[in-house]
Amino acid sequence: MPNIVIVGAQWGDEGKGKVVDALSAAADVVARYQGGPNAGHSIVRGGETVVLHLVPSGVMHPHPRCLIGNGVVIDLRRLREEVTRLEALGIVVGRRLGLSPAAHLILPYHGAVEAAAERGPGAIGTTGRGIGFAYRDKAARTGLRLADLFDREAFIARADRTLTRLRQEYPEATELQAMNGAVLYAALHDVAAWARPLVCDVGGELHAALGRGQRVLLEGAQGTLLDLDHGTYPYVTSSAASAAGAPLGVGLGPRAVDRVIGVTKAYTTRVGHGPFPSEMPETEATRLREAGEEYGATTGRPRRCGWLDLPALRYAARINGLDALVITKLDVLDGFERIRVVTAYDGEDPARGGFSADARALERCRPVWRDFPGWLAPTTSARRWGDLPGPARQYLEWIERECGVAIQSVSVGAGREAEVSRS
Ligand code: IMP
């Protein structure tokens, strides 16, 4: 296990946290490469669920170094609160956490303008964490990075310029009136002092770790279909969530990646607006949502539910260059008499039945369905491939064949032990 990327192969919420947690037992360094506190990685530890938003999931094991890369946007107050919560649970974070000085800050005005934008036409259904507007400032070269917290005058001047612009652009965001650079800087004073000793050369550290033969995990947030470039634009997040974003978001070159593992549920969920060809009718969705506890870990929103979408999974395999698949939440399907899958899209737009990142074309496509018999038996205690009911194995082996990517393991419950290895 030299340098592994863990990436979501759907629209996020695939259960990456559990996969990273499991692999972290043997990792020396775990680094987050994109996104921000829009993520919610749930990890069950001894019957208790811990939700991580910014801290890499490797923190649940006592030894890995946990790094937050340049590709992440940080809300420092939320980060400190998260660390405090973890430490209250007895999880020692301390100086194990390292932060890239090039990571951009999410500031209160990002949340204020996002709330205004989401009230208007063209709403995306965001998590309301200021993500898109922090990345917008980054791309426009008007953002403030972690390193800028340590230069008071420059911070204040830049924040004031941004505020002047945002007030003109979003007069309806009345919270902006009371904000100014000096007040924002003063409000961050404490948390900046807390963060300062954590700032480190993330790319340099990872490069050195790999040079020493250490084991590194690069942890993605959201999923491939929410990737800014390759997802269902504009219904996406604002960062490179797919595997190519991993080296970029931590300061490594593409050849530093040895293996890419894609995580997918045995079905599909999505939060926020945008096309979803394999979405279920609401009566069926309600049943799945309850069985799978499909509510957002960050916002608590009910997730939209659907069946597995094979064209989308094939697309994720291609975009990420997947070496292996981890299938999660198989047990959620245990009670379903019939398991449905979208095998292709019929219609003139998404060419040749394949997935299209063109949201309008995807909205118009007609899904082609295939039904598998349900297994109607509990899978939660399965640990070896042969323990799984025959119809479940047939379903999984069909996915593997159709995607051309080997399944590495299958998760059959929330706990660390609830896992079936393919070999
Ligand atoms: P944002 O990332 O908050 O800007 O939201 C953009 C889109 O990505 C919305 O549809 C969100 O619901 C979705 N999204 C963002 N983060 C996650 C996540 O961690 N899991 C699932 N969906 C997410």
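Q: At what angle do helix 5 and helix 6 pack, and how far apart are their axes?
A: In this predicted model, helix 5 (residues 152-169) and helix 6 (residues 181-195) pack at an angle of about 130°, and their axes lie 8 Å apart.

Q: Are helix 5 and helix 6 parallel, antiparallel, perpendicular or oblique to each other?
A: Angles over 145 degrees count as roughly antiparallel and those from 65 to 115 as roughly perpendicular; helix 5 and helix 6 are therefore oblique to each other, and their crossing is right-handed.

Q: Which residues make the contact of helix 5 with helix 6?
A: Helix 5 contributes R152, F155, I156, A159, D160 and L163, while helix 6 contributes G181, A182, L184, Y185 and L188. Sorted by class, this contact has eight nonpolar residues, one polar residue and two charged residues.

Q: How do strands of a sheet pair?
A: Strands of a sheet pair through backbone hydrogen bonds, in either a parallel or an antiparallel way. In this structure, three strands form an open sheet in the order 13-15-16, with mixed pairing.

Q: Why is one side of strand 13 and of strand 16 left without a neighbour in the sheet?
A: Strand 13 (308-309) and strand 16 (366-373) stand at the edges and have a single partner strand each, so one side of each lacks a neighbour in the sheet.

Q: In which sense do strand 13 and strand 15 pair, and which helix packs on the sheet?
A: Strand 13 pairs with strand 15 (residues 338-346) in the parallel sense over two bridges, and L308 stands opposite V341 in strand 15. Helix 10 (residues 310-320) packs on the sheet, where it touches strand 13 and strand 15, and its direction makes about 70° with that of strand 15.

Notes: Residues numbered from 1 in each chain as written. Predicted model: local features only at pLDDT ≥ 70, side-chain atom pairs only at ≥ 80, totals over all residues. Heavy atoms only, no water. Pairing = 2+ DSSP bridges. Helix = DSSP H or I, 4+ residues; strand = E, 2+ residues; numbered from the N terminus. Contact = heavy atoms within 4.5 Å. Axes fitted to C-alpha atoms, helices over the stretch in contact; angles between N-to-C directions. Parallel < 35°, antiparallel > 145°, perpendicular 65-115°, else oblique. Left-handed = near helix turned anticlockwise from the far one by under 90°. Nonpolar A, V, L, I, M, F, W, Y, C, P; charged D, E, K, R; others polar.
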